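User: Please take me through this structure by question and answer, with the cut-offs stated.

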Amino acid sequence: MSQKSISTLSTKRIIRTSILFLAIPLCARLLDLLVRQYSISLMAAFNLLASFQLMYDWNLFGIHYNRAKKHLFDTILYVLAGVVIIFLLFLFGAIVLHANIVIPEKTDLIAYGYARIGMLAAYSYMQASAVSLTFKAMTDRLDTEGRTIQSILLTGLGFGLLYTIMFLPEFNIGLLFTTYFYNILLMSFLSFLYNRSDSIIPGMAALGTAYLLIMILSL
């Protein structure tokens, strides 16, 4: 995490951005009382609340987009490397850890074909947008000068735990630990990309593209 990004956001913006993110699983659970299909409900929650979050933080997104565009060649390299590494992390998480990864099952993508485009968007770029903007907001006030490795591990542990708790379908101690380990690796890697590029865009693009490819390849 670059020292340049410390304390650039107001407390009000940090709180509102975080609330929109934290409301995603709650919104999905409420919608599921009517829909009775959680993958569809979560799709709607991601698309709706991540869109609100993106509009609210449009200036923040623009700042990071301009940073990424200024170093376009490096950004492309980070995105390509990120897609490969996140793809491999997913395989490790799904096959070895059997973690609860926030992505729809192949059966859901096939069975609910009418909602497939919405699911592809929600679980890829909308999820990546929500994660990246909230990650930036929640870590904005951290002073990480001279503590790069510690900051990456800290954000991986903290944000990974939050994401695990938010989307764990049921309390299962084994699933909790395997999912948490997967999320630590994923969030630490996103933090690493942010630290290297000083922008949330490479991590956002890499996560969204990797998850989109995984869903498409599963069909």
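**Loops, helices and salt bridges**

User: Between which helices is the loop that holds Asp 198?

Analyst: Helices here are DSSP runs (H or I, at least four residues; strands are E, at least two), numbered from the N terminus. The loop that holds Asp 198 lies between H8 and helix H9 (201–218).

User: What are the ground rules for residue numbers and for the atoms used?

Analyst: Residues are numbered from 1 along each chain as its sequence is written, and side-chain values use heavy atoms, without hydrogens or water. The model is predicted: local features need pLDDT of at least 70 and side-chain atom pairs pLDDT 80 or more, while totals for chains, interfaces and linings use all residues.

User: Is Asp 198 buried or exposed?

Analyst: Asp 198 has a positive phi of about 60° although it is not a glycine. Buried means under 20% relative accessible area, exposed over 50%, and partly exposed in between (1.4 Å probe, protein chains only). With a relative accessible area of 12%, Asp 198 is therefore buried.

User: Is Arg 36 buried or exposed?

Analyst: Arg 36 follows H1 and is found in the loop between H1 and H2. Arg 36 is not a glycine, yet its phi is positive at about 65°. Its relative accessibility is 65%, so Arg 36 counts as exposed.

User: How far apart are the end C-alpha atoms of helix H1?

Analyst: The expected span of a helix is 1.5 Å times one less than its number of residues. H1 covers residues 11–35, which is 25 residues, so 36 Å should be spanned. The end C-alpha atoms agree with this, being apart by 36 Å.

User: At which residue does H1 have a kink?

Analyst: The bend at a residue is the angle between axes fitted to the seven residues ending there and the seven starting there. The kink in H1 is about 35° and comes shortly before the proline Pro 25, at Ile 24.

User: Which helix gives the most to the nonpolar patch?

Analyst: Patches are made of residues with over 30% relative accessible area and no salt bridge; like charges are joined within 9 Å, and nonpolar side chains (Val, Leu, Ile, Met, Phe, Trp, Tyr) within 5 Å. Val 84, Leu 88, Phe 92 and Phe 181 are among the residues of this patch, which has about 690 Å² of accessible area together, by the Shrake-Rupley method with a 1.4 Å probe and only the protein chains shown as cover. The most, seven residues, comes from helix H4 (residues 72–97).

User: How many residues apart in sequence are the parts tied together by Asp 57 and Arg 13?

Analyst: A salt bridge is a side-chain nitrogen of Lys or Arg within 4 Å of a carboxyl oxygen of Asp or Glu. Asp 57 and Arg 13 form one, with the closest N and O atoms 2.9 Å apart. Since Asp 57 lies in the loop between H2 and helix H3 (58–70) and Arg 13 in helix H1, the separation in sequence is 44 residues.

User: Which residues are linked in a network of salt bridges?

Analyst: Asp 140 meets Lys 136 at 2.9 Å, N to O, and both residues are buried. Asp 140 also pairs with Arg 141, the closest N and O atoms being 3.7 Å apart. The network links Lys 136, Asp 140 and Arg 141.
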